[in-house]
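Please keep both open while reading.

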Amino acid sequence: MTEGERQPGKRVVDRSEGFGERLLGVLLDRAHEMPPSLVAPLIAEEVAKVGGRDVSILLQDYAQELLVPLPGKGLLVGEPEALGGSPAGTAFLRTVPIEVPQPDGVRMYLPLLDGSDEVGVMALTLDIVDDDDRRLLRRLAGLVADMLVTKHAYTDRFFQARRREPMSVAAEIQWSLLPPLTMSVPQVTVSGILEPAYDIAGDSFDYALNDDILHAAVIDAMGHGLDAAAMATIAVGAYRHARRSGISLAEKYAFMDQAIAEQFGPDHFVTAQMMNLDINTGHLQWVNAGHPAPLLIRDRRVTRSLDSPTTLPVGFGGAPPQISAYTLQPGDRVLCYTDGMIEERDADGEPFGEERLIRCVNRVERAQGGVRADGLWLSRALKRERGGRTSDDATLFLIEWRGGAADHLAVLE
C-alpha cells in the first residue's frame, strides 16, 4: 500500500513525516496557553486530522487496578478497563502500542509516557493502520502525556477522574508528596506501590537519579492518620533537603533524625531505609533504620536478605549508622517493604510473616511489562494471601539494576 492510500470510499489522509511535524507543531504551539478544560477537545481534534475517531484518554486509578476514562468534550467516555486482561491494560503495563482489529477498523491503545512514568493510555479507532500511522500516533501520544502532566498541576479534574472512592486527608497529603511511581532508564528501573491507596498515611518513598547515583528512601512514620502523614512529610522533606545538599548516607540519617526529634519530640519516630546505587557499577550502599531487611532477587528467586547493623529509627537520637554495601549483578532486583506487608494477620490470626512474603516473590513470573507489572502482580498476590486485608500502611519499592550505558540516547543519528 502506497503512502496515503486507503480503502475505496475512505477519506485519504496525509500521514507523511512532514504532515506529522506540522500537526505536532500546532499541538505544541497551542499547548502552552491551553486551559486544562480544552485539552480534551484539542486531542480529539488532532486525532481526527489523522483519520482517528472515538478517542478515549484512560488514566491509572490510585489503587493501580483500573484505567479510568477522562471526561471531556470530544472524548469517548466508556467503562473503566482493568489493568490485567484488557488491551488498554496490556498497553499500559508493557508500554507498547496494542492494535485490536474490529469490524469498522482497528482500535489502537497507545501508552502515555511522561519520561518513563506511565500516565495512562490513549485509545482511538482508525480505518486501517500503517507504519506512518504508528510513527505519528506514537509521537502524538508522547506529546499528549506531557500535556496531561503539565496541566495536571493546574486543575483538580485529573485527580478527580482517577479516584474510585473517597480519599482521606492523610492520603491526599501523601499522594501529593510522592515522586512518579515508576522511573526507567537503560541502567536501572524503580517502581513503588502503596496500600491502602485511599487511606495511606505514614508510608512513603522517594528517589532521585543524580548523575550516576540513584538515591532512594522508603519511610514509615509511626501511627496512622494526620499525625503520621505530618511526620512522613517532614521526614521526606528532610531527606530531600539532605540529599540535595550532597551529604553522605550517615549524614542524611542524622539530619532526618534531628528534624523529627525537634518537631515531634522523643515519643515519635520514623523508620527509614536509605540507599545509594551506582548505576554504572551496581555498587549498593544502604542504611536501615528500623525497617525489615530488603530482599535480593536474582534469577526470579529471593537469594538473601540484605541485612545490616542495627540502627535506631529516625527521631530516637541514634548513634551514627554503619553503612552496609553489596555489589549487584546485572538483572538483580532489590525489594524494600514496610512492616505492614508482613505484620498483617491472616484469617487464623497469624502474622503474615517474611517467609510467606518470600514465597509470593518466588512465584512472580516476570512478564513483558517488567518491573511495574511484576510489582503490581506481587502487590495483589500479597493482598490475596492476607485475605484482602490491609489494616496498616504497606509499601513495596522495587529496584532493578541492569547496568550498561545510556550515552547512545544523546547522539542524534
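The model is predicted, so local features need pLDDT of at least 70 and side-chain atom pairs count only at pLDDT 80 or more, while totals for chains, interfaces and linings use all residues. Residues are numbered from 1 along each chain as its sequence is written, and side-chain values use heavy atoms, with hydrogens and water left out. Helices (H or I, at least four residues) and strands (E, at least two) are DSSP runs, numbered from the N terminus.

- Six strands make an open sheet in the order 7-8-17-16-13-14, and their pairing is antiparallel; two strands count as paired if DSSP finds at least two bridges between them.
- Strand 7 and strand 14 (301–305) are the edge strands, each with a single partner strand, so one side of each has no neighbour in the sheet.
- From one strand to the next, the twist averages 20 degrees; axes are lines fitted to C-alpha atoms, for helices over the stretch in contact, and angles run from 0 to 180 degrees between N-to-C directions.
- Strand 7 (residues 182–184) pairs with strand 8 in the antiparallel sense over 3 bridges, and the two form a hairpin with 3 residues between them.
- Within that pairing, V190 of strand 8 has M183 opposite.
- Strand 8 also runs antiparallel to strand 17 (residues 394–401), joined by 8 bridges; V188 has W401 as its bridge partner there.
- Strand 17 pairs in turn with strand 16 (residues 333–337), antiparallel and over 5 bridges, with L398 of strand 17 opposite L335.

**Helices on the sheet**

- Helix 10 (residues 354–363) packs on the sheet and touches strand 13 (295–298), strand 14 and strand 16; contact means heavy atoms within 4.5 Å.
- The direction of helix 10 makes about 145 degrees with that of strand 14.
- Helix 11 (residues 370–385) also packs on the sheet, where it touches strand 7, strand 8, strand 16 and strand 17.
- The direction of helix 11 makes about 30 degrees with that of strand 8.

**Burial of strand 8**

- Strand 8 (residues 188–195) is largely enclosed by the rest of the structure, because 8 of its 8 residues are buried; buried means under 20% relative accessible area, exposed over 50% and partly exposed in between (1.4 Å probe, protein chains only).
- In a regular strand, side chains alternate between the two faces of the sheet.
- Both faces of strand 8 are covered, with V188, V190, G192 and L194 buried on one side and T189, S191, I193 and E195 buried on the other.

**Helix 6 with helix 7**

- The axes of helix 6 (residues 169–177) and helix 7 (residues 226–244) come within 8 Å and cross at roughly 15 degrees.
- The two helices are therefore roughly parallel; angles under 35 degrees count as roughly parallel, over 145 as roughly antiparallel, 65 to 115 as roughly perpendicular and the rest as oblique.
- Helix 6 passes helix 7 in a left-handed crossing; a crossing is left-handed if the near helix is turned anticlockwise from the far one by less than a right angle, and right-handed if clockwise.
- On the helix 6 side the contact uses V169, A170, I173, Q174 and L177, and these meet L226, A229, A232, T233, V236 and R240 of helix 7.
- By class, this contact has 8 nonpolar, 2 polar and 1 charged residues; Ala, Val, Leu, Ile, Met, Phe, Trp, Tyr, Cys and Pro count as nonpolar, Asp, Glu, Lys and Arg as charged, and the others, Gly among them, as polar.

**Helix 7 with helix 8**

- Helix 7 and helix 8 (residues 249–264) have axes that come within 9 Å and cross at roughly 145 degrees.
- The crossing of helix 7 past helix 8 is right-handed.
- Residues in the contact include M231, I234 and Y239 of helix 7 and F255, M256 and F264 of helix 8.
- The class count for this contact is 12 nonpolar, 2 polar and 3 charged residues.

**Backbone details**

- The peptide bond from E195 to P196 is cis, with omega near -15 degrees, and P196 lies in the loop between strand 8 and strand 9 (203–210).
- Q64, although not a glycine, has a positive phi of about 55 degrees.
- Q64 sits in the loop between strand 1 (53–60) and strand 2 (66–69) and is buried, at 1% relative accessible area.
- T95 is partly exposed, at 33% relative accessibility, while the buried residues of helix 3 are A88, G89, A91, F92 and L93.
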